[in-house]
Amino acid sequence: MIQTKLIAPLLVLLCFSTLLNAQNKPFQFQQKAVRPGTKMSFSIPVTDGHNSTFIPVTVFNGKAPGKALGIVAGIHGFEYPPIVAAQQLAQSLDPAQMNGTLILVHMANVPAFLQRSVALNQMDGKNLNRSFPGKASGTITERMAYTIANQIIARCDYVIDAHSGEANNDLKPYAGYYNHTATPELSKKSRGFATALGFNYVIQFDNLPGVTEPSKYCSREAVVRGIPAADIECGRYGIAEPEMVNKVVTAYHNALNYLKITNGTLGKVTPLYVRNRTFINSNYDGFFYSRLKAGEFVKKGATLGYITNFFGNKIMDVQSPVDGIIMYMISTPPVNKTDELFSIGHLN
Ligand SMILES: [Zn+2]
């Protein structure tokens with residue numbers, strides 16, 4: 001009898017605590033509280049006392065609790081598909097229907113975007129995706145990296161850094177993640193996350209025990225902090241082709257669904273994992289020509305293109321040292337000595 005009497009109040013208590021638990025907390029960001037079920041946009045200022053810029057960010061704080069995802073678009077301001085995709089994603093999300101939090105960096109590198117600058121921020125000539133973990137008292141790009149690392153990445157359970165082929169790059173879409181053998185659980189989480197994004201190819205970066213140098217890359221900064229992360233590379237020549245933008249939008253939604261921040265279903269994709277890549281570099285400054293395209297399969301020993309000098313005379317045949325698939329390649333004539341002409345993914 002005593003037991004039966006206890007069951008009803010216990011059930012009430014259980015339901016009450018479940019309801020309490022189901023309520024998300026305000027998300028404190030930039031000295032503001034983003035209430036559960038709402039979103040708030042921020043322009044985070046960055047200045048080195050000489051140059052100034054800002055980082056446009058929207059925080060979507062779900063009504064229910066859950067994981068925190070960071071999506072960083074526009075680390076390279078000329079890579080438009082992930083940038084345009086982030087703008088579309090922002091318009092399509094309703095925080096009242098979300099569980100957990102999305103911190104969306106609409107555009108990490110506003111100067112490079114407005115300068116239409118390939119890879120570099122012209123304010124200091126630095127590449128933001130070689131500048132992590134950044135410096136609090138560094139140049140403007142180093143301070144941008146520092147801000148993203150400490151104010152955004154540090155707040156996330158998972159991170160996406162989204163890129164595309166730039167002005168001179170044809171590229172086969174893929175996701176990537178850091179495979180570090182000293183942290184197998186972290187690498188496994190990153191692999192699962194990268195796989196869930198829905199690309200046909202997933203590239204394993206590093207394949208090392210761990211990171212012994214500065215993180216340099218945005219997603220590697222997350223991994224160094226113990227946060228699982230994935231890269232997106234989707235689109236070519238920087239241009240916002242609708243098919244490529246849509247692919248990135250789908251990948252963003254897949255990430256949100258995978259982490260159960262949104263309630264959609266996850267499409268099933270069984271990707272090919274590319275463990276190793278071979279990079280073919282130019283030995284000369286000059287003109288580069290190739291009839292190939294990203295995504296084509298190449299055989300070891302096959303001629304992939306050639307380089308001429310400034311008088312049009314051929315000075316180098318470019319041959320593939322391996323069998324594989326072209327993940328990305330230079331597709332415009334200018335070439336510098338040491339430039340990566342091709343990235344060939346191994347398929348074994
Ligand atoms: Zn990039």
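I began with P133, which I found in the loop between α3 (110–115) and α4 (140–152); helices (H or I, at least four residues) and strands (E, at least two) are DSSP runs, numbered from the N terminus. The model I am reading is predicted, and I therefore kept to local features with pLDDT of at least 70 and to side-chain atom pairs at pLDDT 80 or more, whereas totals for chains, interfaces and linings use all residues. Residue numbers run from 1 along each chain as its sequence is written.

**Entry: backbone exceptions**

I looked up the peptide bond that joins F132 and P133 and noted that it is cis, with omega about 10°. In the loop between α3 and α4 I also found A119, whose phi is near 70°, a positive value in a residue other than glycine. I noted these because most residues other than glycine have a negative phi, and most peptide bonds are trans. A119 is partly exposed, with 19 other C-beta atoms within 10 Å; by the rule used, a residue is buried if 20 or more other C-beta atoms lie within 10 Å of its own, exposed if 12 or fewer, and partly exposed in between, with C-beta atoms placed from the backbone. Q31, in the loop between β1 (27–29) and β2 (32–34), likewise has a positive phi, near 60°, and I recorded Q31 as exposed, with 6 other C-beta atoms within 10 Å.

**Entry: the whole chain**

I listed 7 helices and 20 strands in the chain. The radius of gyration is 23 Å, close to the 20 Å that the globule rule gives for 348 residues, so the chain is as compact as a globular protein of that length; the radius is taken over C-alpha atoms, and the rule is 2.2 Å times the number of residues to the power 0.38. Along its principal axes the C-alpha trace spans about 95 × 50 × 40 Å, and buried residues make up 44% of the 348 residues. Of the contacts between residues at least 6 apart in sequence, 70% join residues at least 24 apart, a contact being a pair of residues whose C-beta atoms, placed from the backbone, lie within 7 Å.

**Entry: two domains**

I noted domain 1 (27–273) and domain 2 (276–345), with bounds that come from an automatic or database domain assignment. The centres of the two domains, taken over C-alpha atoms, are separated by 29 Å, and 10 residues of domain 1 are in contact with 13 residues of domain 2. On the side of domain 1 that touches domain 2, β8 (169–171) and β10 (201–208) each supply at least two residues, and β8 gives the most, with 3 residues.

**Entry: the sheet of 9 strands**

I traced an open sheet of 9 strands with mixed pairing, in the order β3-β4-β6-β5-β7-β11-β9-β10-β12, where two strands pair if DSSP finds at least two bridges between them. At the edges I found β3 (38–47) and β12 (272–274), each with a single partner strand, so one side of each is left without a neighbour in the sheet. The strands β3 and β4 (residues 52–61) run antiparallel and are joined by 10 bridges; M40 has V59 in β4 as its bridge partner.

Helix α2 (residues 80–92) lies across β4, β5 (64–73), β6 (99–105), β7 (158–163) and β11 (229–233), and runs at about 150° to β5. Helix α5 (residues 184–196) packs on the sheet, touching β7, β9 (174–180), β10 and β11, at about 175° to the direction of β9. Axes are lines fitted to C-alpha atoms, for helices over the stretch in contact, and angles run from 0 to 180 degrees between N-to-C directions.

I then looked at A73 in strand β5: A73 is buried, with 30 other C-beta atoms within 10 Å, and the residues that A73 touches, not counting those up to four places away in sequence, include P82, I83, A86, V105 and A162.

I recorded β14 (residues 286–289) and β16 (residues 303–308) as an antiparallel pair over 3 bridges, with Y289 opposite Y306 in β16. The pairing of β16 with β17 (residues 314–319) is also antiparallel, over 5 bridges, and T303 has Q319 in β17 as its bridge partner. The hairpin of β16 and β17 has 5 residues between the strands, and there G312 takes a positive phi near 90°.

A302 touches Q319 and S320, not counting residues up to four places away in sequence.

Note on methods
Two residues are in contact if their C-beta atoms, placed from the backbone, lie within 7 Å.
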